[in-house]
Amino acid sequence: MKANLVLLPGDGIGPEIITQARRVLEKIADLHGHEFSFSSHLIGGIAIDSCGNPLPDETVAACKASDAVLLGAVGGPKWDDPAAKTRPEAGLLKIRKELGLFANLRPIKLFDQLVDASPLKREIIQGTDILFFRELTGGIYFGESGRSGSGAEETAFQSMAYSVYEVERIVRMAAKAAQQRDNRLTSVDKANVLEPSRLWRQTAARVMAEEFPEVKYDVVLVDAMAMHLINRPRDFDVVVTGNLFGDILTDEASMLPGSLGMLPSASLGQDGPGLYEPIHGSAPDIAGKGLANPLATILAAAMLLRHSLALMAEADAIETAVGSVLADGLRTNDLARGGDAIGTTAMCDAVLARLQ
Ligand code: NAD
Ligand code: IPM
Ligand code: MN
């Protein structure tokens, strides 16, 4: 197979982890006889520094013309001034919107080998396997915002809106995924307080009753969900929720597998290229030190092979190699919990050595 892959390294540890994920994709191409071409483009803070725009037109065009996009991370203290004209994160939001990536799949799957790397108890987390569907191009992230007044009266607002159409399409996608798994779907909202959540809840209930009557369906309020996730994570199969709730709950859920550095994600639309990225950020506290865990990005590359290129065996091969590295006790700092740790490149070397 020939594939045209766009790399968006971005900021902080972004370039370090993308370099490693690319090595894995190159080795897969080699082993399985594929031809992957790579081109790197600017996004985030580095793009602001180079041309004043966190998402240059050229980057959008390259992504649209690609088969899939692999992104590192954007953002950092250098661009954090709340009064700045633009921010790195605006580039990420815009590329999601430009590519129509309304569904962000975030699997929270525990590698058995890592049970003891989690701060949570083995008997609670063992067997956890949740697939989050986070709505990605709507809600409060894309609501109308502004400021008015001055001094103590200065006021800022950002509105949250969801349409029936937006809820229907993400719920349908999540329900179809549930049918391929354990046939259970949980919708998470804040319908006791927020009007968009009430529309979400009504719409989701209707879609489930009309189109997926055989999928076991329930709803949970987001505050309670934050608690259930670390108390009884095994009770959840597929979870569907809005943009902001999904962002927060999945960072929390990263403590089940042990580290933010382990969680990949896939952002998908109706058609066109998907975008794959770790769920973590640019980790400015460890950037440039060779300490970042590259596994989330390497696992994101596996998701890219599976969802955008339908290379199932190749995706499985990466995940198996990662499992084998962990079984051998190799840990980056974030997973070591005070024990011996290896660096970013050595972790990728270990994955490459086990790839078949
Ligand atoms: P972060 O996810 O970057 O880091 C949180 C903590 O997790 C840090 O201690 C960091 O060192 C650690 N961590 C994250 N990834 C790691 C990895 N691969 N290996 C080892 N440790 C890892 O979150 P933050 O510090 O709140 O945000 C930093 C910047 O990243 C902000 O500018 C934020 O906007 C941005 N951000 C970007 C994305 C993205 O590009 N998709 C996602 C989240 C945050
Ligand atoms: C993520 C990040 C982004 C988000 C930011 C950087 C815009 O936190 O991908 O989870 O909030 O979606
Ligand atoms: Mn996030």
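Trainee: Which residues that line the second largest pocket lie nearest its centre?

Mentor: They are Glu89, Leu92, Ile279, His280 and Gly281, out of a lining of 24 residues. Strand 3 (68-73), helix 4 (88-98), helix 9 (243-253) and strand 12 (274-278) each give two or more residues to this lining. Please note that this is a predicted model, in which local features need pLDDT of at least 70 and side-chain atom pairs count only at pLDDT 80 or more, while totals for chains, interfaces and linings use all residues. Residues are numbered from 1 along each chain as its sequence is written, chains are lettered from A and ligands numbered from 1 in the order in which they are written, and side-chain values use heavy atoms, with hydrogens and water left out.

Trainee: What makes a residue part of the lining of a pocket?

Mentor: A lining residue has an atom within 4 Å of a point of the pocket, which is an open set on a 1 Å grid with protein on both sides within 12 Å along at least five of seven lines. By that test the second largest pocket has its 24 lining residues, and its volume is about 380 Å³. Helix 4 provides the largest share of this lining, 4 residues.

Trainee: Why does the second largest pocket lie between domain 1 and domain 2?

Mentor: Domain 1 (1-102 + 273-356) and domain 2 (129-255) both contribute residues to its lining, and therefore the pocket lies between them. The domain bounds come from an automatic or database domain assignment.

Trainee: What volume does the largest pocket have, and which residues lie nearest its centre?

Mentor: The volume is about 630 Å³. Its lining holds 23 residues, and Pro107, Lys109, Arg181, Arg306 and Glu319 lie nearest the centre. Among the elements that each supply at least two lining residues are strand 4 (103-109) and helix 6 (164-179). The largest share, 4 residues, belongs to helix 10. Both domain 1 and domain 2 give residues to this lining, so the largest pocket also lies between them.

Trainee: How do the residues of the lining of the largest pocket divide into nonpolar, polar and charged?

Mentor: There are 13 nonpolar, 3 polar and 7 charged residues. For the second largest pocket, the division is 11 nonpolar, 6 polar and 7 charged. Asp, Glu, Lys and Arg count as charged, and Gly is among the polar residues.

Trainee: Which residues surround ligand 2?

Mentor: They are Glu89, Leu93, Arg96, Arg106, Arg134, Tyr141, Asp247 and Ile279. A residue is near a molecule if one of its heavy atoms lies within 4 Å of it.

Trainee: What makes a pair of atoms a polar contact?

Mentor: The two must be N or O atoms within 3.5 Å. For ligand 2, a polar side-chain atom of Arg96 lies 2.7 Å from an oxygen atom of the ligand, and Arg134 places a polar side-chain atom 2.8 Å from an oxygen atom of ligand 2. In the side chain of Asp247, an N or O atom is 2.9 Å from a ligand 2 oxygen atom. The protein covers 80% of the 320 Å² of accessible area that ligand 2 has on its own, as found with a 1.4 Å probe.

Trainee: Which residues are the closest to ligand 1?

Mentor: Val74, Glu89, Gly281, Ala283 and Asp285 are the closest of the 21 residues that surround ligand 1. The side chain of Glu277 has an N or O atom 2.9 Å from a nitrogen atom of ligand 1. From the backbone, an N or O atom of Ser282 lies 3.1 Å from an oxygen atom of ligand 1, and a polar atom of Ala283 is 2.8 Å from an oxygen atom of that ligand. Of the 810 Å² of accessible area that ligand 1 has on its own, the protein covers 70%.

Note on methods. 1 Å grid on protein atoms, 1.4 Å probe; cavity = no way out; pocket = protein on both sides within 12 Å on 5 of 7 lines; lining within 4 Å. Points joined across faces, edges and corners; volume = space filled by probe spheres on them. Polar contact = N/O pair within 3.5 Å; in protein donor to acceptor, adjacent residues only side chain to side chain.
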